[in-house]
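Welcome! Take a moment to look over the chain below, and then let us walk through some of its features together.

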Amino acid sequence: MALSEMNGDGSEQEEGGCQEPDVIARGNILESFAESQEIRGLINSLKGVYGDLGTREVTIEKFIVIMDKYQEQPHLLDSHLEWMMHLLLDIVRDKRSPSPLVHLAFKFLYIITKVRGYKIFLRLFPHEVADLQPVLDMFADQNPKDYETWETRYMLLLWLSMTCLIPFDLARLDGNILSEEGCTRMPIMDRILNVAKSYLVVSDKARDAAAVLVSRFIIRPDVKQKRMADFLDWALSTLSKSSFQTMEGTIVMDGMLQALAQLFKHGKRDDCLPYAATVLECLDNCKLSESNQTLLRKLGVKLVQRLGLTFLKPKVAKWRYQRGCRSLAANLQFSAQVPVAQNLVIAADDEEEYDIPGEVENVIEQLLIGLKDNDTIVRWSAAKGIGRITGRLPKELADDVVGSLLDCFSFQESDNSWHGGCLALAELGRRGLLLPSRITDVVPVILKALTYDEKRGACSVGSNVRDAACYVCWAFARAYDPLELKPFVNQISSALVIAAVFDRDINCRRAASAAFQENVGRQGTFPYGIDIVTAADYFAVGNRVNCFLNISVIRELSTKALHNLTPQVPEYMTNVVLPRLLPLAVGTDLHTRHGAILACAEITHALYKLAAENNRSVTSYFNEKSLEGLKQIHLELCSRQLYRGLGGELMRPAVCTLIEKLSLSKMPFREDPIIDGWQWLINDSLRSLPLVSSTARQQIKEAAVSALAALCNEYYINEQREANPALQDELLQQYISELQNTEEMIRCGFSLALGALPRFLLKGKLQQVLEGLKKVICISRKDVSFAESRRDGLKATAKVCQTVGVKRNGPQDEFVCKDNVVQIYTMLLNGMSDYTTDSRGDVGAWVREAAMTSLMEVTVLLVQNEPELLDANICKQIMCCVAQQSAEKIDRFRAHAGFVFLTLLNFDNPPIPHIPHREELERIFPRSEAVTLNWNAPSQAFPRITQLLGLPTYQYYVLLGLTVSVGGLTETTVRYSAQSLFDYMKKIQNDLGAMNNFCETLLQVFEDNLLNDRVSVPLLKMLDQMLANGCFDIFTAEENHPFSLKLLTLCKEEIKKSKDIQKLRSSIAVFCGMIQFQGDMRKQVLFQLLLLLCHPFPVIRKTTASQAYEMLITYSDIVDPDILDEVMTVLSDTNWDAELPLVREKRNYLCDLMKVPKPQLVSKSAA
């Protein structure tokens, strides 16, 4: 938990996206290596695939995919590692294996090593004496600069690091070192050392393996006597000559530091001690702490701690704290029993006295500096070093280290220092090196770390410190006996609960919850531990809303939590919290001001609710100073111009929320000048929408509209429950005039504002408001792109209707009645045909979605009050339009249409009249399946919706919607919609009447949408699929069937003078499909295809030739068998990319062969 890196904004996902219900998530829990036979087959196939680049890459990819599945459970591979290695090494050892095959085998070995880890895999390498020479010889064939074969060199170095451990003096393997030519051959010891040195300075991963080789080879008894000193001299000399300012220097220093760190880790202390001081001095001179390379600083810290451990004798400190009972059951029963002191006495300090080298102080100082590093991995390495070294120090010196560690927690130090200090304290506590006498000093520091938060510019840092502090609490729970921590239980438990519930970062909340749970289990002394763990477990605190609002009885959510807490301590909130918040609400810090304003709003509203429950006035909780302070917030912000700029994006919605809550709380401000100030802010916020960022726009709009509704309901109504006529006229005139503003966002804001007005303000003005909204909803040439304002206009229309209510014979200026119901439905139905697109895509979908919702709300309103106002024509239009939307391609909007359709169909209070084909619809959509049917899933939606094609009223509209789905781009939508359509066509294949009706509807859809690319292009794609699937076979036997002739005419009209490549390509496929119709049709189709063979676009000419060739293969009876081969040869062999005169010559030749009239060139003047 302590090492997790946090997002700066503490962002997290609250909910998963929608998925099809038949998609089941599989846990990554495997039981065995199930693919062993497949892996064996892949390895055995290497000899056959290494030569073909494509096959080789596919094989490698398959191997990687299988092995990567075991990244989290690599132990499942253990019983299979040996045979995999032997199969691959057999390829490597085979002298007949070509070089590419050997490299491929080593690549597979590396992939296995990456998954299982080199330490486990290393032990399996063959390490007989006979293996040493062949492995060394292989290095002669390697090119260290070949970046494509680095896996080979990496694995060879690991293999060599195993074979070099043979228990014989290497000099005995040299034999006669004089070669046949009389020259002296290099001894094996020097050859291995040269290999290691050469690969310590390369830029690939082989450098890491070379460091492993050094750590195992240099510590051999024969090598350390002869070569250890020379190697260390070389390494230190190379290190001192290199600079971390250059990339080459960084690579070299990385290799040297890795080698030295591994050497001092695995080497015996007595062998390494003579050189430790020299290495430390060289390391000091390198000044690695000044490097900007994280890895170098980490390796520096790692080497320093290894040097420190070399200076100190390897012993376990006798003075360390030893916890006694570790029984979980005993801990949980602890609070119910009388505490009994356990035998936890620290061992007497009878340890052997010996001098601590002076270099140890230097080591500890460098590690303490490492705790303050900018990078977590460096701080973590330093913390582990502190723990290891402190465990070898005498008690007094160890206590000095703890004292120095506590200096990291000064508020003059950075968050990095606090984080590193927490990690080190956790390490000391975990190892029993932090004695109980020091807990008194440590606990206050940890409590501060649990709430550490430091502002830095526009954001804050400290989440990693809080996370690490939770790790300390977790470690202490495991390290100490309950009696030792008992004095601090209340402090620690309270701090952890607050962090678990209120920290804005999900990782910190989860870390605090885990630490609290560990303390409950290990200590058994936390009050109400089990209850709290049950309510605020690891998963419950992961959801921010649940955490802030539900578990507790980021500022917006924190203020809502204050709302929930207010009823528990109302006097404290009134007398202490509110007086502290009011000055902060007009303070200088933007974020504090924002949070304080929201908190004032929520506390005030909570106090009002409490007063209402107790039949008290809300003013009984407020004194004059508090009331004046609440009024002054807006006046102060306005006078200081704090509503402007980026800060205004936070202040406007915050003060609007304050206005809403104060109005809902019925604060005694009637006739007060502050009301005019609040009204000004609401209006100004709506007018300023175009000036604010897109992210803040929606929040400001919603807050202003909510504030307006609450303000009007409380302060603009008189004793007669009516509005002041002058105020009503002024407000409505102002709002309606803004509906024609040239800025789209201003139209949006004032549309929603009109929709939020209470009934008494709309009385007598309904027709005026509807006319204003009608102008917003209608598409005109100048505002065709204003989709968002049309959306909000539709929403406002429905809200206005719901507010004024329904009265059949009432005045049209006051109610929805027989005189204006048609006008209202016309406005709403117009929104269903909005298919505006811009750079954002189908923005008209927002309008259609709002129109569907509004139609549903208004229809339900009418049927519950005056069902006679709903005539059959309106109901038919509503259901048909919604059915069309439920067949379209965008999942989200299709799902919404399906919800609206079923809501209207199944509404029972009372049932909606005049729904066409109600009985058939209820059979297609049973009520029992209304909840489980997932309209988002094409696999579930389209099989149902295509059944509506059999209902005459819905056929046209459903086919229109299906057209854009079947001819769309999304694979799943196309697949399921097309399959559902074909299934329907099979059902009616032998029903001539149904087929004729369907085809007439299809042609009508085509004719109505000629040159409307949104429909016509998908329609051509759909026709291509239908022709290919034999959907019109019933008509193909009849010569010159009217359907085929009409379809050909429409296709020709659609592509006339078109330059749309996609449309032309789709039409070519349709023409080729229409060749199956008998009669003169075929000549006309062939004429169109031959015409397209000379299209100005080469890509169209090539496509036509290719598809015509395939057509002739499929329908070989189209042309005379004697000329078929010649026609197909011309189509396939001609270069249709050539110049038009050449292409035209070939085309005309085809016309002659097939006896089709030659297309004639039309002069431009004649055209």
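## Before we start

Helices here are DSSP runs of at least four residues, numbered from the N terminus. One thing to keep in mind as you read is that this is a predicted model.

Asparagine 1040 sits in the loop between helix H50 (1033-1036) and helix H51 (1042-1055).

Most residues other than glycine have a negative phi, and most peptide bonds are trans.

You can find lysine 287 in the loop between helix H14 (269-286) and helix H15 (294-311). Is lysine 287 buried, exposed or partly exposed? Its relative accessible area is 45%, so lysine 287 is partly exposed.

The peptide bond to look for is the one that joins asparagine 909 and proline 910: it is cis, with omega about -5°. Proline 910 belongs to the loop between helix H43 (891-906) and helix H44 (918-924).

## An annotated stretch

The unreviewed UniProt entry carries the annotation "domain: Tubulin-folding cofactor D C-terminal" for residues 876-1063. What does the chain look like over residues 876-1063? In the model, this stretch is 68% helix and 0% strand. Its end C-alpha atoms are 33 Å apart.

How many residues make up the largest nonpolar core? It has 211 residues, and those with the most contacts inside it are Phe901, Phe925, Leu948, Tyr954, Met985, Phe998 and Phe1032. Let us zoom in on one of them. Leaving aside neighbours within four places in sequence, phenylalanine 1032 is in contact with Met985, Met995, Cys999, Leu1002, Met1026, Leu1027, Phe1043 and Phe1077.

Another core lies apart from the largest one. This other core has 173 residues, including Leu88, Met253, Val402 and Phe488.

## Residues tucked inside helices

Not counting residues up to four places away in sequence, threonine 152 touches His103, Phe106 and Gln142.

Valine 465 is part of helix H22 (residues 463-479), and with a relative accessible area of 0% valine 465 is buried. Which residues does valine 465 touch, not counting residues up to four places away in sequence? They are Asp415, Trp418, His419, Cys422, Ala449 and Tyr452. Valine 655, in helix H32 (residues 645-664), is buried as well, with a relative accessible area of 0%. Beyond residues up to four places away in sequence, valine 655 touches Ile597, His634, Leu637, Tyr643 and Leu681. Cysteine 508 lies in helix H25 (residues 506-522), and at 1% relative accessibility cysteine 508 counts as buried.

## Along the chain and through space

Pairs of residues let you set sequence beside space. Valine 655 and histidine 591 are 64 residues apart in sequence, and their C-alpha atoms are 13 Å apart in space. For cysteine 508 and threonine 440, 68 residues apart in sequence, the C-alpha to C-alpha distance is 24 Å. Valine 465 and isoleucine 377 are 88 residues apart along the chain, with 14 Å between their C-alpha atoms.

Rolling a probe the size of a water molecule over the atoms shows where empty space is left. The largest cavity holds about 80 Å³ of space. Helix H53 (1081-1092), helix H54 (1098-1114), helix H55 (1121-1133) and helix H56 (1140-1154) are the elements that give two or more residues to its lining.

What classes of residue line the largest cavity? The lining has 11 nonpolar, no polar and no charged residues. Among them are Leu1086, Met1111, Val1127 and Met1154.

Helix H55 also holds aspartate 1133. At 61% relative accessibility, over the 50% limit, aspartate 1133 counts as exposed. Aspartate 1133 and alanine 1105 are 28 residues apart in sequence and 9.9 Å apart in space, C-alpha to C-alpha.

Conventions
Residues are numbered from 1 along each chain as its sequence is written. This is a predicted model: local features need pLDDT of at least 70, side-chain atom pairs count only at pLDDT 80 or more; totals for chains, interfaces and linings use all residues. Side-chain values use heavy atoms; hydrogens and water are left out. A nonpolar core is a set of buried Ala, Val, Leu, Ile, Met, Phe, Trp, Tyr and Cys residues joined through side-chain atoms within 4.5 Å. Buried means under 20% relative accessible area, exposed over 50%, partly exposed in between (1.4 Å probe, protein chains only). Contact means heavy atoms within 4.5 Å. UniProt positions are given in the numbering used here, feature names are shortened, and annotations may be inferred rather than shown by experiment. On a 1 Å grid over the protein atoms alone, a cavity is a set of points where a 1.4 Å probe fits but cannot get out, and a pocket is an open set with protein on both sides within 12 Å along at least five of seven lines; lining residues have an atom within 4 Å of a point. Grid points are joined across faces, edges and corners, and a volume is the space filled by probe spheres set on the points. Ala, Val, Leu, Ile, Met, Phe, Trp, Tyr, Cys and Pro count as nonpolar, Asp, Glu, Lys and Arg as charged, and the others, Gly among them, as polar.
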